[in-house]
Amino acid sequence: MTAVIETEGLGKRYRKLWALADCTLSIPAGHVVGLVGPNGAGKTTLLSLATGMLAPTTGTIRVLGGRPAAGPAQLARVGYLAQEAPVYAGLSVADHLRLGAHLNPGWDAALARRRIDQLDLDPGRRAGKLSGGQSAQLALTLALGKRPELLILDEPVASLDPLARREFLQDLMETVAEQQVSVVLSSHLISDLERVCDYVIVLVDSRVRVAGPADELLAAHHLLSGPRRDMATLPDGLEVISASHTDRQSTLLVRSGGPVLDPAWAVSEVGLEDLVLAYMKQAAGRGHRQRHLEVQK
Amino acid sequence: MTWLTWRQFRAQAITAVAALAAFAILLAVTGRHIASLYAASGITGCHGGTCAGLASQFLSDLSSGRTFPLLPDGANAYVILYFLSVLVILVAPAIIGIFWGAPLIARELETGTCRLAWNQSITRARWLTVKLTLIGVAAMAVTEALSLLQAWWAAPIGKAVGLGGSASIMSEGRFGPFVFATHGITPLGYAAFGFALGVTAGLLIRRAIPAMAVTLAIFAAVQAATPLWVRPHLIPPSQTIATTEAAQANVFPTGGSTMVVTATRVAGQPGAWITSSGAVNAAGQPVTAPAACESALPHALGGSGSPECDNCLASHGIRVAVSYQPVSRYWPLQLTETGLFLALALALAGFCFWQLGRHRS
């Protein structure tokens, strides 16, 4: 399977500050990929590099095998819903569809019109008067109407209320299933993505902490709880991602190739949200230790 | 892309057309009266020496003609209209730079809509090409239309001034700093430059309002500097040395032991534009005029030299060196100045393409 986004040592610096550094990853095609990470992890920078809105400072990035925004053909293959879902406040909904039709040779007018009907948007209404959810839907319609092979959505639901969030994602999933388009969507909240993505990438401080199909990740991770004991006595083949201890009890989130058979532990399944949080916490802990060492030096 | 450009530009275009129409109506109504006054003045068909007198009479009739009820005494409608219309052409490129140029990219960056526009199946370079071309052409067309309307309106005044008519504050020649910059083809160059300047400021500053302010400041500075330091040197000026009498030189005492001498005409070159002049000695080297002739001046504040003063200066070997542009260089100067500003506009546009491709949003 080919990669929709492939980066090698990718970095972007704003003056002295690295927004993304040494990022190497490969996102496979045919998935709905959730790109998760805390604020400031570099998600938006990565997606802006993927759409050619930014030029990299170091490293390379290929999107669908081509250089981002290299020409009209490349632009036509990638749909992008930027953060905050910008639309032209002074233009009407119908104007936005006309814009899409004029600027995209592969424009699917029927699809766009059907979506606007379904969403019950008044074509004559100015985009500036739409609610947050409606303008996000309008922007998504523009991104879908060009019939891209890859759809990139940057925090598409961050500014929406819970109901609009659910409607937006549900609608997105239906359309994606119809159009068979690869999707990469970012969020700092895994709970938003849990229901929709089948592939997860956790990005913290520009680093990919874990990546893989959601079901495989869930099968490979376990939540262990039992009496407090020395971590050194754990069975072989377990990688502790996070551990929390009370006076008597320990709770561990571990990664293992097979089932955990130690009778001392109560083993339970782990949810995607806990899994992602454990990796974020692990990365944060490492960062903290590193900073601590630097201070000592 | 043409459609989107038009859709986003529609409101400004309508405003511009409305302003142009108002300007045209105002000038058409008053212009007919000027034309009839001119026809009645007898200038058409005048011979030799009578022309200047008739022209002066026409200009003073115009200046002392009707007044508007609300205007103060002595304020004449035509004088006001003349300067107002010149002012409109003078500021039009700045207005275009501020309201069409500066927000063109800055507004897209500010609102984030650039991320929408630049992710359609069209490259940023093409997006910018279409925007700059269509709106740039509109900017030039509007400014030139204003200029042509004013030129038609002021044509009788220009003819009267050309025939030697004076006695009117409107009698500025074709080389006058305001007349030159608002007639002929120079408005095309200024419009293109103002627009490109606004676009560039918007792209670099990334905020529309500060970009508008910077556009205005730079454009005003360029507009003020051009007649002072650029225009006289676009073509190397011709040089001549004449007696103060022939040059009808003005002589001003400076209060010390010297006097300043400036030429007001070039013998045999009617209508020439004097770019600089000053006293020289018999060897042609620049000197300061001796204050010895001050007593020969008709009055203490100086002014057009009296025969006594001219004789006095001549007896000291003082003559006037004049740098000037003959009237035949009007169109070569127009072409050069317009070309200069068009080239500046193109350079700014090229910079925008480079910056947009390099920096990205």
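Keep in mind that the model is predicted.

Let's begin with helix α4 of chain A, which spans residues 109-118. Which of its residues are buried, and which are exposed? The table sorts them.

| Side of α4(A) | Residues |
|---|---|
| Buried | A:A112, A:R115 and A:I116 |
| Exposed, on the face turned away from the buried side | A:A110, A:R114, A:D117 and A:Q118 |

The buried residues A:A112, A:R115 and A:I116 cover an arc of only 100 degrees around the axis, so they sit on the same side of α4(A). Here is a handy rule: an α-helix has 3.6 residues a turn, so residues three or four places apart point the same way. Among the elements covering the buried residues of α4(A) are α3 (93-103) and α5 (132-145) of chain A. Just after α4(A), A:D120 takes a positive phi of about 60 degrees.

Now over to chain B. The axes of helix α3 (residues 77-111) and helix α7 (residues 186-205) of chain B come within 7 Å and cross at roughly 30 degrees. Angles under 35 degrees count as roughly parallel, and α3(B) and α7(B) are therefore roughly parallel to each other. The contact of α3(B) with α7(B) involves 23 nonpolar residues, five polar and no charged. The crossing of α3(B) past α7(B) is right-handed.

Finally, how do the chains meet? In all, 17 residues of chain B are in contact with 25 residues of chain A. On the side of chain B that touches chain A, α1(B) gives the most, with three residues. By class, this side of chain B has six nonpolar, eight polar and three charged residues.

Key: Residues are numbered from 1 along each chain as its sequence is written. Chains are lettered from A and ligands numbered from 1 in the order in which they are written. This is a predicted model: local features need pLDDT of at least 70, side-chain atom pairs count only at pLDDT 80 or more; totals for chains, interfaces and linings use all residues. Axes are lines fitted to C-alpha atoms, for helices over the stretch in contact, and angles run from 0 to 180 degrees between N-to-C directions. Helices (H or I, at least four residues) and strands (E, at least two) are DSSP runs, numbered from the N terminus. Angles under 35 degrees count as roughly parallel, over 145 as roughly antiparallel, 65 to 115 as roughly perpendicular and the rest as oblique. A crossing is left-handed if the near helix is turned anticlockwise from the far one by less than a right angle, and right-handed if clockwise. Ala, Val, Leu, Ile, Met, Phe, Trp, Tyr, Cys and Pro count as nonpolar, Asp, Glu, Lys and Arg as charged, and the others, Gly among them, as polar. A residue is buried if 20 or more other C-beta atoms lie within 10 Å of its own, exposed if 12 or fewer, and partly exposed in between; C-beta atoms are placed from the backbone. The arc is that of the directions from the helix axis to the C-beta atoms. Two residues are in contact if their C-beta atoms, placed from the backbone, lie within 7 Å.
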